[in-house]
Amino acid sequence: MSAPVPLEVGITRSAGSPAAGKRVLLAEPRGYCAGVDRAVETVEKALEKHGAPIYVRKEIVHNRHVVETLAERGVVFVEETDEVPEGAVLVFSAHGVSPAVHASAAERSLRTIDATCPLVTKVHQEAKRFARDDYDILLIGHEGHEEVEGTAGEAPDHVQLVDGPDAVDQVTVRDEAKVIWLSQTTLSVDETMETVQRLRAKFPLLQDPPSDDICYATQNRQVAVKAMAPECDLVIVVGSRNSSNSVRLVEVALGAGARAAHLVDYAREVDPAWLDGVRTVGITSGASVPEVLVRGVIDLLAEHGFADVQSVTTANETLVFALPRELRSARRA
Ligand code: SF4
């Protein structure tokens with residue numbers, strides 16, 4: 001994880017003449033994480049190398065704009081491998097896939113490129129390792145989320161999904177001395193810790209994961225939102241509804257004291273009524289959101305008198321992941 005640095009709030013932009021007292025706080029870090037950047041670039045490079053169409057199983061990352069833009073360039077998004085013509089190029093999304101999906105792609109002789117985020121792969125490795133040692137693995141995550149399906153699919157006989165604190169009552173294990181919790185990478189840190197506390201109250205010998213499963217990007221974006229939310233009348237989170245980490249940012253903002261918080265894909269979805277009586281608007285974006293969409297919201301707010309934009313910086317991120325091996329020579333300059 002990038003090392004947290006002391007909170008600094010500094011004026012970074014002042015366009016036009018800001019209406020008295022109206023300001024925007026802009027969370028930093030926000031937007032693209034290293035895993036999303038790698039996944040999107042993987043698809044772009046695969047398109048360049050192999051030409052359209054390129055097939056992608058599920059959304060490459062959970063963002064409408066990204067998916068629509070790639071679709072316009074010849075990417076075909078499918079739900080399952082059986083929708084892909086035999087022998088075609090198929091990219092697995094950043095959220096990861098189970099061994100069963102790899103096997104079904106191999107059966108169809110698909111040429112696969114795996115854009116799974118390395119931090120998701122790390123959780124897969126943990127699941128495999130603890131299943132090998134015959135642990136009961138309590139996987140904290142959201143039912144139906146692709147990442148959870150992929151991780152659980154590594155060890156279906158050992159993994160139980162725990163979807164939040166209220167699900168703890170239903171959990172049973174074979175041997176209380178061999179229980180470990182793992183988690184989806186994009187959860188609320190606070191809610192996950194609440195779930196863990198309740199699990200530990202029930203299973204005192206519960207083991208922690210070898211390292212944090214909630215990834216650096218999820219944690220950093222939540223810390224930045226928490227820092228600015230108490231000062232905000234309104235927080236706008238740019239992100240899609242199926243983006244787990246974006247939805248968590250809305251919850252974290254409200255939990256940290258923002259008077260209101262909304263999720264939007266595009267600036268045009270901002271309801272002017274939200275701005276009534278508002279003096280401070282916080283803006284952040286999920287880990288799958290390109291910065292151009294945040295710029296759209298900043299420009300829209302400027303039209304409503306919120307031209308004073310100040311950064312709230314809680315960490316600096318420098319992590320970059322290498323492209324999948326088969327595309328490495330194609331990394332952009
Ligand atoms: S949010 Fe975290 S786990 Fe997901 S792609 Fe980004 S870095 Fe990887």
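Trainee: Which strands does helix H4 lie across, and at about what angle does the helix run to E9?

Mentor: Keep in mind that we're looking at a predicted model. Helix H4, residues 118-132, lies across E7 and E9. Its direction makes about 165° with that of E9. Angles here run from 0 to 180 degrees between N-to-C directions.

Trainee: Okay, and what sheet do those strands belong to? In which order do the strands come?

Mentor: General idea to begin with: strands of a sheet pair through backbone hydrogen bonds, either parallel or antiparallel. Now our case: three strands make an open sheet, ordered E8-E7-E9, and the pairing is parallel.

Trainee: Which strands are the edge strands?

Mentor: Those are E8 (159-162) and E9 (179-183), and each of them pairs on one side only. While you're turning the model, look at the twist too: from one strand to the next, it averages 30°.

Trainee: How many bridges join E7 to E9?

Mentor: Five bridges link strand E7, residues 136-140, with E9, and these two run parallel. To find your way around, pick out Leu-138, which stands opposite Trp-181 in E9.

Trainee: And how many bridges join E7 to E8?

Mentor: Four, and that pair also runs parallel. Here you can look for Leu-139, whose bridge partner in E8 is Leu-161.

Trainee: How does the chain get from E7 to E8? Which helix makes a unit with them?

Mentor: That's helix H5, residues 146-152. Together, E7, H5 and E8 form a β-α-β unit, and this one is right-handed. To check the hand yourself, point the strands away from you: a right-handed path from the first strand over the helix to the second runs clockwise.

Trainee: Helix H6 is in the picture as well. Which strands does H6 touch?

Mentor: H6, residues 189-202, packs on the sheet and touches E7, E8 and E9. Its direction makes about 150° with that of E7.

Trainee: Let's zoom out. How many helices and strands does the chain have?

Mentor: Nine helices and 13 strands. The C-alpha atoms fill a box of roughly 60 × 55 × 35 Å along the principal axes.

Trainee: What does the radius of gyration say about a chain of 333 residues?

Mentor: You compare it with what a compact globule would have, which is near 20 Å for 333 residues; the chain has 21 Å, so the two agree.

Trainee: What share of the residues is buried?

Mentor: Buried residues make up 54% of the 333. Here, buried means under 20% relative accessible area. As for the surface, the accessible area is about 14,400 Å², with 50% of it belonging to carbon and sulfur atoms.

Conventions
Residues are numbered from 1 along each chain as its sequence is written. This is a predicted model: local features need pLDDT of at least 70, side-chain atom pairs count only at pLDDT 80 or more; totals for chains, interfaces and linings use all residues. Side-chain values use heavy atoms; hydrogens and water are left out. Two strands pair if DSSP finds at least two bridges between them. Contact means heavy atoms within 4.5 Å. The radius of gyration is taken over C-alpha atoms; the globule rule is 2.2 Å times the number of residues to the power 0.38. Buried means under 20% relative accessible area, exposed over 50%, partly exposed in between (1.4 Å probe, protein chains only). Accessible areas come from the Shrake-Rupley method with a 1.4 Å probe; for residues, only the protein chains shown count as cover.
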